[in-house]
Amino acid sequence: MKTPLLAPSLLSADFLHLDSALKRIEQGGASFVHIDVMDGRFVPQISYGQPVVSALRPHTELPFDVHLMIEQPENHIDSFIRAGADYLTFHWENTVHHHRIIGRIHDAGKKAGIAVVPSTPIAVLEEILPYLDLVLVMTVNPGFGGQAFIPGCARKITELRRIKAERGYGFLISADGGINGQTLAAVLDAGTDVVVSGSAFFSGTLGWEL
Ligand code: DX5
Ligand code: ZN
(Lines give C-alpha, C1' and ligand atoms only; values in the text may rest on other atoms or scores of the structure.)
(Ligands and ions follow the chains in the order given, each with its own letter.)
Protein backbone atom coordinates (compact mmCIF):
# COMPACT_ATOMS: atom_id res chain seq x y z
CA MET A 1 0.00 0.00 0.00
CA LYS A 2 1.46 3.34 -1.04
CA THR A 3 1.21 5.83 1.79
CA PRO A 4 0.26 8.47 2.87
CA LEU A 5 -3.43 7.86 2.31
CA LEU A 6 -6.31 10.28 2.75
CA ALA A 7 -9.42 9.52 4.85
CA PRO A 8 -11.89 12.43 4.71
CA SER A 9 -14.28 12.53 7.64
CA LEU A 10 -18.00 12.70 6.87
CA LEU A 11 -18.56 14.59 10.12
CA SER A 12 -17.89 17.85 8.29
CA ALA A 13 -20.07 17.00 5.28
CA ASP A 14 -23.43 18.59 4.57
CA PHE A 15 -25.70 15.94 6.10
CA LEU A 16 -28.53 16.88 3.72
CA HIS A 17 -26.37 15.80 0.80
CA LEU A 18 -24.29 12.83 1.82
CA ASP A 19 -24.35 11.48 -1.74
CA SER A 20 -22.50 14.53 -3.04
CA ALA A 21 -20.14 14.37 -0.05
CA LEU A 22 -19.20 10.82 -1.09
CA LYS A 23 -18.55 12.01 -4.64
CA ARG A 24 -16.32 14.79 -3.35
CA ILE A 25 -14.42 12.30 -1.23
CA GLU A 26 -13.90 10.01 -4.24
CA GLN A 27 -12.81 12.89 -6.47
CA GLY A 28 -10.51 14.27 -3.76
CA GLY A 29 -8.08 11.35 -3.97
CA ALA A 30 -9.31 9.54 -0.88
CA SER A 31 -8.47 5.94 0.00
CA PHE A 32 -11.05 5.64 2.80
CA VAL A 33 -14.25 7.26 4.02
CA HIS A 34 -13.75 8.07 7.72
CA ILE A 35 -17.01 7.68 9.63
CA ASP A 36 -17.08 9.17 13.16
CA VAL A 37 -19.57 7.42 15.42
CA MET A 38 -20.27 9.30 18.67
CA ASP A 39 -22.47 8.11 21.51
CA GLY A 40 -23.04 11.20 23.66
CA ARG A 41 -21.29 9.44 26.57
CA PHE A 42 -17.64 8.90 25.69
CA VAL A 43 -17.85 12.19 23.82
CA PRO A 44 -20.45 14.97 24.22
CA GLN A 45 -22.25 14.67 20.89
CA ILE A 46 -24.27 11.95 19.19
CA SER A 47 -23.48 11.72 15.48
CA TYR A 48 -24.80 8.76 13.48
CA GLY A 49 -24.82 4.99 13.62
CA GLN A 50 -25.39 1.74 11.77
CA PRO A 51 -28.43 2.82 9.68
CA VAL A 52 -26.45 5.67 8.14
CA VAL A 53 -23.48 3.40 7.44
CA SER A 54 -25.70 0.88 5.66
CA ALA A 55 -27.47 3.63 3.70
CA LEU A 56 -24.10 4.88 2.44
CA ARG A 57 -22.63 1.45 1.70
CA PRO A 58 -24.08 0.89 -1.81
CA HIS A 59 -22.94 4.30 -3.02
CA THR A 60 -19.16 3.94 -3.00
CA GLU A 61 -16.54 1.25 -3.27
CA LEU A 62 -14.13 3.05 -0.95
CA PRO A 63 -13.50 1.18 2.30
CA PHE A 64 -15.28 2.54 5.38
CA ASP A 65 -12.93 3.48 8.21
CA VAL A 66 -15.35 3.53 11.14
CA HIS A 67 -14.06 5.39 14.21
CA LEU A 68 -16.11 4.28 17.21
CA MET A 69 -16.11 6.98 19.87
CA ILE A 70 -18.48 4.91 21.99
CA GLU A 71 -18.52 3.20 25.35
CA GLN A 72 -18.75 -0.60 25.37
CA PRO A 73 -17.66 -0.92 21.74
CA GLU A 74 -17.93 -4.73 22.01
CA ASN A 75 -21.74 -4.38 21.94
CA HIS A 76 -21.71 -2.76 18.51
CA ILE A 77 -18.92 -4.42 16.56
CA ASP A 78 -21.09 -7.05 14.85
CA SER A 79 -23.79 -4.59 13.80
CA PHE A 80 -21.27 -2.14 12.30
CA ILE A 81 -19.72 -5.01 10.36
CA ARG A 82 -23.17 -5.98 9.04
CA ALA A 83 -23.74 -2.32 8.11
CA GLY A 84 -20.62 -2.31 5.94
CA ALA A 85 -17.61 -1.25 8.02
CA ASP A 86 -14.21 -2.39 6.68
CA TYR A 87 -11.92 -0.97 9.37
CA LEU A 88 -13.34 -0.87 12.91
CA THR A 89 -11.39 1.39 15.23
CA PHE A 90 -12.38 1.52 18.90
CA HIS A 91 -10.82 3.55 21.70
CA TRP A 92 -8.24 1.99 23.99
CA GLU A 93 -9.89 3.96 26.82
CA ASN A 94 -13.26 2.20 26.38
CA THR A 95 -12.41 -1.41 27.18
CA VAL A 96 -9.97 -3.66 28.99
CA HIS A 97 -10.61 -6.59 26.65
CA HIS A 98 -8.73 -5.34 23.62
CA HIS A 99 -7.63 -8.75 22.34
CA ARG A 100 -11.16 -10.11 22.50
CA ILE A 101 -12.61 -7.29 20.41
CA ILE A 102 -9.78 -7.48 17.87
CA GLY A 103 -10.36 -11.23 17.59
CA ARG A 104 -14.03 -10.68 16.83
CA ILE A 105 -13.24 -8.16 14.13
CA HIS A 106 -10.66 -10.48 12.55
CA ASP A 107 -12.98 -13.48 12.74
CA ALA A 108 -15.41 -11.48 10.61
CA GLY A 109 -12.65 -10.83 8.06
CA LYS A 110 -12.36 -7.11 8.84
CA LYS A 111 -9.50 -4.84 9.90
CA ALA A 112 -9.03 -3.83 13.53
CA GLY A 113 -7.83 -0.48 14.82
CA ILE A 114 -7.32 1.11 18.23
CA ALA A 115 -7.52 4.86 18.85
CA VAL A 116 -5.84 6.78 21.66
CA VAL A 117 -6.84 10.21 22.98
CA PRO A 118 -4.08 12.85 23.36
CA SER A 119 -3.48 12.06 27.05
CA THR A 120 -3.04 8.31 26.51
CA PRO A 121 0.60 7.32 25.96
CA ILE A 122 1.64 4.93 23.19
CA ALA A 123 3.24 2.68 25.85
CA VAL A 124 -0.18 1.24 26.84
CA LEU A 125 -0.45 -0.35 23.39
CA GLU A 126 2.69 -2.46 23.88
CA GLU A 127 0.92 -5.83 24.24
CA ILE A 128 -1.65 -5.23 21.54
CA LEU A 129 0.40 -3.72 18.70
CA PRO A 130 1.25 -7.04 16.99
CA TYR A 131 -2.46 -7.71 16.42
CA LEU A 132 -3.50 -4.36 15.01
CA ASP A 133 -4.15 -3.27 11.43
CA LEU A 134 -4.36 0.42 12.36
CA VAL A 135 -3.45 2.72 15.25
CA LEU A 136 -5.31 6.01 15.28
CA VAL A 137 -3.51 8.83 17.09
CA MET A 138 -5.99 11.53 18.05
CA THR A 139 -4.42 14.94 17.59
CA VAL A 140 -7.38 16.68 19.27
CA ASN A 141 -9.63 15.50 22.07
CA PRO A 142 -12.36 13.51 20.32
CA GLY A 143 -15.86 14.86 20.03
CA PHE A 144 -15.99 17.64 17.47
CA GLY A 145 -14.72 18.58 14.06
CA GLY A 146 -12.83 21.82 13.52
CA GLN A 147 -10.74 21.83 16.72
CA ALA A 148 -7.13 23.03 16.97
CA PHE A 149 -4.32 20.48 16.45
CA ILE A 150 -2.36 19.63 19.63
CA PRO A 151 1.28 19.83 18.47
CA GLY A 152 2.71 17.47 21.13
CA CYS A 153 0.70 14.58 19.65
CA ALA A 154 3.03 14.43 16.64
CA ARG A 155 5.67 12.90 18.94
CA LYS A 156 3.39 9.90 19.47
CA ILE A 157 3.29 9.34 15.72
CA THR A 158 7.10 9.41 15.59
CA GLU A 159 7.27 6.91 18.45
CA LEU A 160 4.85 4.54 16.72
CA ARG A 161 6.79 4.86 13.47
CA ARG A 162 9.98 3.84 15.26
CA ILE A 163 8.35 0.84 16.99
CA LYS A 164 6.75 -0.23 13.72
CA ALA A 165 10.10 -0.16 11.89
CA GLU A 166 12.06 -1.82 14.69
CA ARG A 167 9.66 -4.73 15.06
CA GLY A 168 8.34 -5.04 11.53
CA TYR A 169 4.70 -4.50 12.49
CA GLY A 170 2.15 -4.00 9.74
CA PHE A 171 -0.34 -1.54 11.27
CA LEU A 172 -1.15 1.73 9.56
CA ILE A 173 -0.59 4.87 11.62
CA SER A 174 -3.52 7.24 11.31
CA ALA A 175 -3.67 10.82 12.58
CA ASP A 176 -7.03 12.43 13.30
CA GLY A 177 -8.03 15.93 14.36
CA GLY A 178 -7.11 19.48 13.44
CA ILE A 179 -5.22 18.54 10.30
CA ASN A 180 -5.25 21.38 7.77
CA GLY A 181 -2.96 23.25 5.42
CA GLN A 182 -0.86 24.46 8.39
CA THR A 183 -0.53 21.16 10.29
CA LEU A 184 -0.47 18.56 7.50
CA ALA A 185 3.32 18.73 7.14
CA ALA A 186 3.85 18.01 10.85
CA VAL A 187 1.88 14.74 10.75
CA LEU A 188 3.43 13.66 7.46
CA ASP A 189 6.96 14.42 8.70
CA ALA A 190 6.22 12.40 11.85
CA GLY A 191 5.43 9.37 9.69
CA THR A 192 1.65 9.21 9.39
CA ASP A 193 0.26 6.64 6.94
CA VAL A 194 -3.37 7.81 6.98
CA VAL A 195 -4.43 11.43 7.26
CA VAL A 196 -7.98 11.97 8.53
CA SER A 197 -9.43 15.34 7.67
CA GLY A 198 -12.93 16.73 8.14
CA SER A 199 -13.29 20.50 8.16
CA ALA A 200 -10.17 21.25 6.10
CA PHE A 201 -11.04 18.64 3.47
CA PHE A 202 -14.57 19.95 2.98
CA SER A 203 -13.53 23.61 3.05
CA GLY A 204 -10.80 22.94 0.50
CA THR A 205 -7.96 24.06 2.77
CA LEU A 206 -6.15 20.77 3.38
CA GLY A 207 -3.72 21.14 0.50
CA TRP A 208 -3.58 17.43 -0.30
CA GLU A 209 -1.63 17.19 -3.55
CA LEU A 210 0.41 14.00 -3.37
C1 DX5 B 1 -13.07 14.12 16.10
C2 DX5 B 1 -13.20 13.13 14.97
C3 DX5 B 1 -12.47 13.54 13.76
C4 DX5 B 1 -13.01 14.80 13.13
C5 DX5 B 1 -11.90 15.46 12.39
O6 DX5 B 1 -13.62 13.62 17.25
O7 DX5 B 1 -12.72 11.86 15.37
O8 DX5 B 1 -12.40 12.50 12.81
O9 DX5 B 1 -14.09 14.54 12.26
O10 DX5 B 1 -12.33 16.73 12.04
P11 DX5 B 1 -11.30 17.92 11.76
O12 DX5 B 1 -10.41 17.45 10.65
O13 DX5 B 1 -12.19 19.05 11.40
O14 DX5 B 1 -10.53 18.14 13.04
ZN1 ZN C 1 -12.35 10.36 13.66
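Helices (H or I, at least four residues) and strands (E, at least two) are DSSP runs, numbered from the N terminus. The structure described here is a predicted model, in which local features need pLDDT of at least 70 and side-chain atom pairs count only at pLDDT 80 or more, while totals for chains, interfaces and linings use all residues. Residues are numbered from 1 along each chain as its sequence is written, chains are lettered from A and ligands numbered from 1 in the order in which they are written, and side-chain values use heavy atoms, with hydrogens and water left out.

An unreviewed UniProt entry places the feature "binding site" at His34, Asp36, His67 and Asp176. These residues gather at one spot, because no two of their C-alpha atoms are more than 10.6 Å apart even though they span 143 residues in sequence.

Asp176 belongs to strand S7 (residues 172-176), and His34 to strand S2 (residues 33-38). With a relative accessibility of 8%, Asp176 counts as buried (under 20% relative accessible area, 1.4 Å probe, protein chains only; exposed is over 50%, partly exposed in between). His34, at 0%, is likewise buried.

The two side chains meet in a polar contact of 3.3 Å between Asp176 and His34 (a pair of N or O atoms within 3.5 Å, of which, within protein, one must be able to donate a hydrogen and the other to accept it; residues adjacent in sequence count only if both atoms are side-chain atoms). Beyond four places in sequence, Asp176 also touches Asp36 and His67, among others (contact means heavy atoms within 4.5 Å). On the same criterion, the contacts of His34 include His67, Asp65 and Leu136.

Conventions:
UniProt positions are given in the numbering used here, feature names are shortened, and annotations may be inferred rather than shown by experiment.
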